[in-house]
Amino acid sequence: MTDPKTNSILDEGNRLFLQGKLKDAISYYDKILNENPRHISSLNNKGYALSKLKDFDNALRCYDVALHISPDDISVLVNKISCFRKQGNFVEALSICDKILNDNPTYNIALYHKERILFSLEKYDESILCCNSLLNDYPNNGDILFDKSCSLVMLSKNDEALDLLEHAISQGMQFKVKAKKSKSFEKLSDNSRFQKLIS
């Protein structure tokens, strides 16, 4: 049975979080945790707020306490993956992705994290395989199209990469900007088709 008072404190913390008032939000999550140290949502949300403040060690402590109480909480596991990724701890992040996907093979958020982690680990072929699985379900997802095109550039498959980049840009003009700023596309800076796509 959830306590209405706890819910209203949690709602206020979440409202402050959404306004970007992360430290204020944490103080509300702490109010709940002082009364109930096992409150999963407060632990998870506090961890997420700490992660946004780049306090990754304390964020991970919140996630670990939550996972000690509820080891298979997917929301907490995904936030922990994100935290590890921000720290550059790709091996740990990847092992959690694999744990989630082993139990829930169609859990696309974990697969999305996995393709990005594999890219960071320079495992471009494996990253592309994850992108392909995601694109089966979401063939016009600009983020995934863009990520796959980045991996293809790294593998010097430039024509295929530019086809996908063009498709990504057709989904949203923000991908032009991303391509201009992306280190992956630096090697195509003299490519006339690339220049035309981002102009």
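Visitor: How are α10 and α11 oriented to each other?

Guide: Two packed helices are described by the angle between their axes and the distance between the axes. Here the model is predicted, with local features needing pLDDT of at least 70, side-chain atom pairs counting only at pLDDT 80 or more, and totals for chains, interfaces and linings using all residues. Residues are numbered from 1 along each chain as its sequence is written, and side-chain values use heavy atoms, without hydrogens and water. Helix α10 (residues 158–171) packs on helix α11 (residues 174–181) at about 135°, the axes being 7 Å apart. The two are therefore oblique to each other, a class left over once angles under 35 degrees (roughly parallel), over 145 (roughly antiparallel) and 65 to 115 (roughly perpendicular) are set aside.

Visitor: Which residues make the contact?

Guide: Contact means heavy atoms within 4.5 Å. From α10 come Leu-165, Ala-168 and Ile-169, and from α11 Phe-175, Lys-176 and Ala-179.

Visitor: Where is Glu-122 placed, and what is its phi?

Guide: Glu-122 lies in the loop between α7 (108–120) and α8 (124–137), and its phi is near 65°, a positive value in a residue other than glycine.

Visitor: Is Glu-122 buried or exposed?

Guide: Buried means under 20% relative accessible area, exposed over 50%, and partly exposed in between, with a 1.4 Å probe and protein chains only. Glu-122, at 58% relative accessibility, therefore counts as exposed.

Visitor: What is the phi of Ser-156?

Guide: Ser-156, in the loop between α9 (142–154) and α10, has a phi near 60°, a positive value in a residue other than glycine, and with a relative accessible area of 52% Ser-156 is exposed.

Technical notes. Axes fitted to C-alpha atoms, helices over the stretch in contact; angles between N-to-C directions. Helix = DSSP H or I, 4+ residues; strand = E, 2+ residues; numbered from the N terminus.
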